[in-house]
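User: Hello! I am new to this structure and would like to learn how to read its features. Could you walk me through some?

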Amino acid sequence: MATPLSHLAVPLALTAALGTDAVPPGLLALALVCAVLPDLDALGLWLGIPYEHPFGHRGITHSLPFAVALAGAGTLLAPTAQPRIAFWVLLVSAASHGLIDALTNGGLGIALFSPFSHRRFFLPWRVIEVSPLRPSALFSRRGLEVLRSEMRWVWVPCLAVAIPGMALRGLAGQ
């Protein structure tokens with residue numbers, strides 16, 4: 001998995017690109033939650049749910065159908081945002097979680113289509129160093145390698161979306 005910090009990059013980039021008129025603070029807060037919520041399944045490891053189980057780590061909560069359901073529910077909680085914009089911001093934020101994890105070089109893959117299929121996938125490019133499960137391990141040499149990898153493969157591409165969006169909004173006088 002990627003670190004929770006890097007899962008936050010997508011909703012932050014969307015907000016920077018679209019602006020706070022389109023993504024008000026309440027919607028940003030929901031998007032941040034949607035971006036990290038899929039990793040709640042990691043608690044299953046401590047509850048005895050096997051990793052490879054559909055409800056195990058990187059199972060159903062990392063799937064695209066779960067992202068759609070989460071975005072739909074979140075849209076109902078975002079009354080100050082335009083519903084169509086809220087849905088898409090929440091969907092991209094939630095779906096990005098599984099897709100980012102599918103770029104990592106560890107684990108058993110992501111159940112991208114669960115509950116319809118429990119087959120696990122990686123993307124063809126497994127360029128992100130898999131994060132240790134223990135937060136304290138992020139402060140080790142290995143943790144720094146993970147963060148460096150995430151800067152390159154998550155944060156830089158997110159900046160490549162955010163900066164032009166901000167520039168276009170500036171040109172349009174928003």
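Analyst: Here is a short tour of backbone angles and salt bridges. This is a predicted model, where local features need pLDDT of at least 70, side-chain atom pairs count only at pLDDT 80 or more, and totals for chains, interfaces and linings use all residues. Residues are numbered from 1 along each chain as its sequence is written, and side-chain values use heavy atoms, leaving out hydrogens and water.

User: Which residues does a cis peptide bond join?

Analyst: Most peptide bonds are trans, and most residues other than glycine have a negative phi. Here, a cis bond joins Ser114 and Pro115, with omega about 15 degrees. Arg58, not a glycine, has a positive phi of about 65 degrees.

User: How many salt bridges does a search of the whole structure find?

Analyst: Side chains of opposite charge can pair when their charged atoms come close. The search finds three salt bridges (a side-chain nitrogen of Lys or Arg within 4 Å of a carboxyl oxygen of Asp or Glu). Asp101 pairs with Arg58, their closest N and O atoms being 4.0 Å apart.

User: Is Arg58 buried or exposed?

Analyst: Buried means under 20% relative accessible area, exposed over 50%, partly exposed in between (1.4 Å probe, protein chains only). Arg58 is at 1%, so it counts as buried; Asp101, at 0%, is buried too.

User: What are the closest N and O distances in the salt bridges of Arg142?

Analyst: With Glu129 the distance is 3.1 Å, and with Glu145 it is 4.0 Å. Shared partners join Glu129, Arg142 and Glu145 into one network. Arg142 is partly exposed, at 32%.
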